[in-house]
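Here are my notes on the fold, as numbered points. Please read them with the model open.

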Amino acid sequence: MISKYQSRDIFPDNIYWNLVRFFLENPYDQYYQSEIAGKLRHKNGAIQPALKKLVKSGFLSIKSQKNKTIYNLNNQFPKLSIINQIIK
């Protein structure tokens, strides 16, 4: 059944859900926090709490490279396919 509602009708347009959508649309790419902030047009400090929350949940993976943190989607996240269906 196709719904007449889109994910933005169900989920508020806030930084957290913008990040979820961003990483679902770029599932194999890696980004520095400053790159993410620029692409989403938010300040670095504004996205940091949401990034930490997504890392803690396991949705995002992080690694350090040259004193910077790189974020990417954890493609092994257990509920990824469900979230992907809801968001898209």
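1. α2 and α4 cross in the right-handed sense. By convention, a crossing is left-handed if the near helix is turned anticlockwise from the far one by less than a right angle, and right-handed if clockwise. α2 covers residues 15-25, and α4 covers residues 44-57. Their packing angle is about 65 degrees, with the axes 9 Å apart. Axes are lines fitted to C-alpha atoms, for helices over the stretch in contact; angles run from 0 to 180 degrees between N-to-C directions. Helices (H or I, at least four residues) and strands (E, at least two) are DSSP runs, numbered from the N terminus.

2. This is a predicted model: local features need pLDDT of at least 70, side-chain atom pairs count only at pLDDT 80 or more, and totals for chains, interfaces and linings use all residues. Residues are numbered from 1 along each chain as its sequence is written, and side-chain values use heavy atoms, with hydrogens and water left out.

3. Which residues make the contact of α2 with α4? From α2 come Ile-15, Tyr-16, Leu-19, Val-20 and Phe-23. They meet Ala-46, Ile-47, Ala-50, Leu-51, Lys-53 and Leu-54 of α4. Contact means heavy atoms within 4.5 Å. By class, that is ten nonpolar, no polar and one charged residues. Ala, Val, Leu, Ile, Met, Phe, Trp, Tyr, Cys and Pro count as nonpolar; Asp, Glu, Lys and Arg as charged; the others, Gly among them, as polar.

4. The sheet is open, with three strands in the order β1-β3-β2 and antiparallel pairing. Two strands pair if DSSP finds at least two bridges between them. β1 (30-32) and β2 (60-65) are the edge strands. Neighbouring strands are turned by 30 degrees against each other on average, direction ignored. β2 pairs with β3 (residues 68-73) over six bridges. In one of these pairs, Ser-64 has Thr-69 of β3 as its bridge partner.

5. α2 lies across β1, β2 and β3, at about 75 degrees to β3. α3 (residues 33-40) also packs on the sheet. It touches β1 and β3, and its direction makes about 90 degrees with that of β1.

6. Which residues of α3 are buried? Gln-33, Ile-36, Ala-37 and Leu-40 are. Buried means under 20% relative accessible area, exposed over 50%, partly exposed in between (1.4 Å probe, protein chains only). These buried residues fall within an arc of 100 degrees seen down the α3 axis, so they line one face. The arc is that of the directions from the helix axis to the C-beta atoms. Their cover includes α2, β1, α4 and β3. On the other side of α3, Gly-38 and Lys-39 are exposed.

7. Check the backbone just after α3: Arg-41 has a positive phi of about 60 degrees.
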